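Here are my notes on the model you sent over.

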Amino acid sequence: MYLFTKECTNRPDAGLFSALFIAVIPAIIARGSAGSYDNEAVAIFALVNTFYLWIKACNTGSILWSVACTLSYFYMVASWGGYSFIINIIPVFVLGTIFINRFTLKIYVAYSVFYTLGTILAMLITFVNFQVMRSAEHLASHFTFVAINLFVLGTYIKNGLEEA
């Protein structure tokens, strides 16, 4: 949690406070490894780690961080069915950056790698399989992938016409 908040705010003190707060929340303690061992004990780490790596990938635009984020997402898919939360929140984040005019090529690279590799890896899990393509849970990710590609293509054409 420290790394996630520090990456979001670029302030180490905010990271320390968020780590302190998450460490004393009874609901997290009960569902985490201090409580009883369940899928949620593994999933909480995977969830926070995936979001941390996602923000890191967006801030750097690095394919390496995007792949790391995707592997963390794959770990989440393999461990708990709540992975659908991640595959809906990240596309909402990306669409939000388009609507508030903060979309960059760094986010484009991060999402393109995350979407393609994440979709392929999720299909490797037996209980998920081809639901990735058929279920409504994944519709936001598919729509966002098409939308950002159309947005980038439109921006490229617009910039090309302005230069000519």
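This is a predicted model: local features need pLDDT of at least 70, side-chain atom pairs count only at pLDDT 80 or more; totals for chains, interfaces and linings use all residues.

1. The secondary structure comes to 9 helices and 0 strands, and reading along the sequence gives α-α-α-α-α-α-α-α-α.

2. On overall dimensions, the C-alpha atoms fill a box of roughly 65 × 40 × 25 Å along the principal axes. The protein has 164 residues, and 37% of them count as buried. If you take the contacts with a sequence separation of 6 or more, 65% of them are between residues 24 or more positions apart.

3. Now for helix 6 (residues 83-99) and helix 9 (residues 139-163). Their axes come within 9 Å and cross at roughly 25 degrees. Angles under 35 degrees count as roughly parallel, and helix 6 and helix 9 are therefore roughly parallel to each other. The crossing of this pair is left-handed.

4. What do helix 6 and helix 9 use to meet each other? Helix 6 brings Ile87, Asn88, Pro91, Val94, Leu95 and Ile98, while helix 9 brings Ala140, Ser141, Phe143, Thr144, Ala147, Ile148 and Phe151. Sorted by class, that contact has 10 nonpolar and 3 polar residues, with no charged ones.

5. Helix 9 also packs with helix 7, at an angle of about 140 degrees and with the axes 11 Å apart. That makes helix 7 oblique to helix 9, because roughly antiparallel would need an angle over 145. Helix 7 passes helix 9 in a left-handed crossing.

6. The residues from helix 7 in this contact are Tyr108, Tyr111, Ser112, Tyr115 and Thr116, and those from helix 9 are Ala140, Ser141, His142, Thr144, Phe145, Ile148, Asn149 and Val152. By class, the contact of helix 7 with helix 9 has 7 nonpolar and 6 polar residues, again with no charged ones.

7. Have a look at His142, which sits in helix 9. Is this residue, His142, buried or exposed? Its relative accessible area is 15%, and buried means under 20%, so His142 counts as buried. A polar atom of the His142 side chain lies 2.8 Å from the backbone oxygen of Val132. Setting aside residues up to four places away in sequence, His142 touches Tyr115, Val132 and Met133.

8. Next is Phe114, in helix 7 (residues 105-122). At 1% relative accessibility, Phe114 is buried too. Leaving out neighbours within four places in sequence, the contacts of Phe114 are Trp54, Cys69, Thr70, Tyr73, Ile86, Ile87, Ile90 and Thr119. One of these, Ile87, also turns up on the helix 6 side of the contact with helix 9. For a sense of distance, Phe114 and Lys158 are 44 residues apart in sequence and 27 Å apart in space, C-alpha to C-alpha.

9. Last, go to Glu7 in helix 1 (residues 2-9). Its side chain makes a polar contact with the side chain of Lys56, at 3.4 Å. Besides Lys56, Glu7 touches Tyr52, Ile55 and Asn59, not counting residues up to four places away in sequence.

Conventions:
Residues are numbered from 1 along each chain as its sequence is written. Side-chain values use heavy atoms; hydrogens and water are left out. Axes are lines fitted to C-alpha atoms, for helices over the stretch in contact, and angles run from 0 to 180 degrees between N-to-C directions. Helices (H or I, at least four residues) and strands (E, at least two) are DSSP runs, numbered from the N terminus. Angles under 35 degrees count as roughly parallel, over 145 as roughly antiparallel, 65 to 115 as roughly perpendicular and the rest as oblique. A crossing is left-handed if the near helix is turned anticlockwise from the far one by less than a right angle, and right-handed if clockwise. Contact means heavy atoms within 4.5 Å. Ala, Val, Leu, Ile, Met, Phe, Trp, Tyr, Cys and Pro count as nonpolar, Asp, Glu, Lys and Arg as charged, and the others, Gly among them, as polar. Buried means under 20% relative accessible area, exposed over 50%, partly exposed in between (1.4 Å probe, protein chains only). A polar contact is a pair of N or O atoms within 3.5 Å; within protein, one must be able to donate a hydrogen and the other to accept it, and residues adjacent in sequence count only if both atoms are side-chain atoms.
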